[in-house]
Amino acid sequence: MLLNIARNFSSKKFFITGASGQIGKKLIPYLYERYGPNCVVVSDVNQTQFDVESQPPFLPLDVVDKEGFAKAVEASEATHILHLAAYLSAKAELQLQKSIDVNIIGVNNALEAARIHNTAIYVPSSIAVFGPTSPRVLTPDDCVVQPTTAYGISKVYMEMMGNYYHKKFGVNFRSLRYPGAVSSDPPGGGTTDYAVEIFFELLKNQEYQCFLSKGTELPMMYIDDLIQGTCDLIDAPEETLTRRVYNLGAISFTAEQLTSCILKYIPGTVTYKSDHRQAYADSWPMSIDDSLARRDWNWKHKFDIDLMTRTMIELISKQMHKPNPIKVA
Ligand code: AKB
């Protein structure tokens, strides 16, 4: 087996696809903080402005372009590919063929680029790999995975191909199954997006109609925890890992529990009217067993539902040029 030796800490350089998405927006400034200047080259299908002090170099890339992908990775001189480009669950169902291109062909191209240019590769996975035949409470890393969404199927494919490239070619592939990400940047077409929209709508209009039923419970995570967990896995010494793909957990709550927590701090009304996304949520876990990540590379989350709520209200109020409605003692 060829071994793709990880470079030392200070010499990491990241080539990021889908960099203008919900994760990329928060990840990029964090990478600068953690790994120093010149550590990032970003790409996206459209050039976008990145709201960070040092504007990262940008390479335009449609991830379905195999040759373009490999050339961009070479030009970036990256040690690590962070392949974030993906169509999330709800958007993938609406644009099926495009999502197959991006979520499946894009992953093939990313893994090939990593193999050819001898880089490490990190690709997010998701709780959407699980389906109605998986245990729904404290879902373990290894169990039946028979997802019913196109997005979930593409993430199972990605995990299996990543494992295959690791075993067959020694590619340093790593992945985390993210729960719903809660952040003050708008998400892009997922089922867990309600947990972000609710803050924006309540702060703007004092009302929100949730597209999931009030009892829908899902695993969730505040973005700072998710970003830190991602980099902790990327930096984890090879010998501490017992697998390439880990469950990542933090908190779980129902839509109603989130509403109650928010309404402690700001006024408003929330109603519930399920749409097509309810079925996706109902097929996913309610909570995740992430004990292997905690054991192998010391994963810990910091944000509980209350700290997450207060932080979201503070950040979104600031974005809206409004005073923080939460009085700091
Ligand atoms: C989605 O809702 O599609 C994503 C996910 C759970 O991966 N946030």
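View 1. A nitrogen atom of the ligand lies 2.8 Å from an N or O atom in the side chain of threonine 192, a polar contact being a pair of N or O atoms within 3.5 Å. The model is predicted: local features need pLDDT of at least 70, side-chain atom pairs count only at pLDDT 80 or more, and totals for chains, interfaces and linings use all residues. Residues are numbered from 1 along each chain as its sequence is written, and side-chain values use heavy atoms, with hydrogens and water left out. An oxygen atom of the ligand is 2.8 Å from an N or O atom in the tyrosine 151 side chain. For threonine 191, a backbone N or O atom is 2.7 Å from a ligand oxygen atom. The protein buries 94% of the 250 Å² that the ligand exposes when taken alone (Shrake-Rupley method, 1.4 Å probe).

**View 2. Residues surrounding the ligand.** Around the ligand are Leu88, Ser89, Ser126, Ile127, Tyr151, Gly190, Thr191, Thr192 and Trp284, each with a heavy atom within 4 Å of it. This shell has four nonpolar, five polar and no charged residues, Gly being counted as polar and Tyr and Trp as nonpolar.

**View 3. The largest cavity.** The largest cavity has a volume of about 60 Å³; a cavity is a set of points on a 1 Å grid where a 1.4 Å probe fits but cannot get out. Its lining residues, with an atom within 4 Å of a point, include His83, Asn103, Lys155 and Met158.

Definitions and conventions: Polar contact = N/O pair within 3.5 Å; in protein donor to acceptor, adjacent residues only side chain to side chain. 1 Å grid on protein atoms, 1.4 Å probe; cavity = no way out; pocket = protein on both sides within 12 Å on 5 of 7 lines; lining within 4 Å. Points joined across faces, edges and corners; volume = space filled by probe spheres on them.
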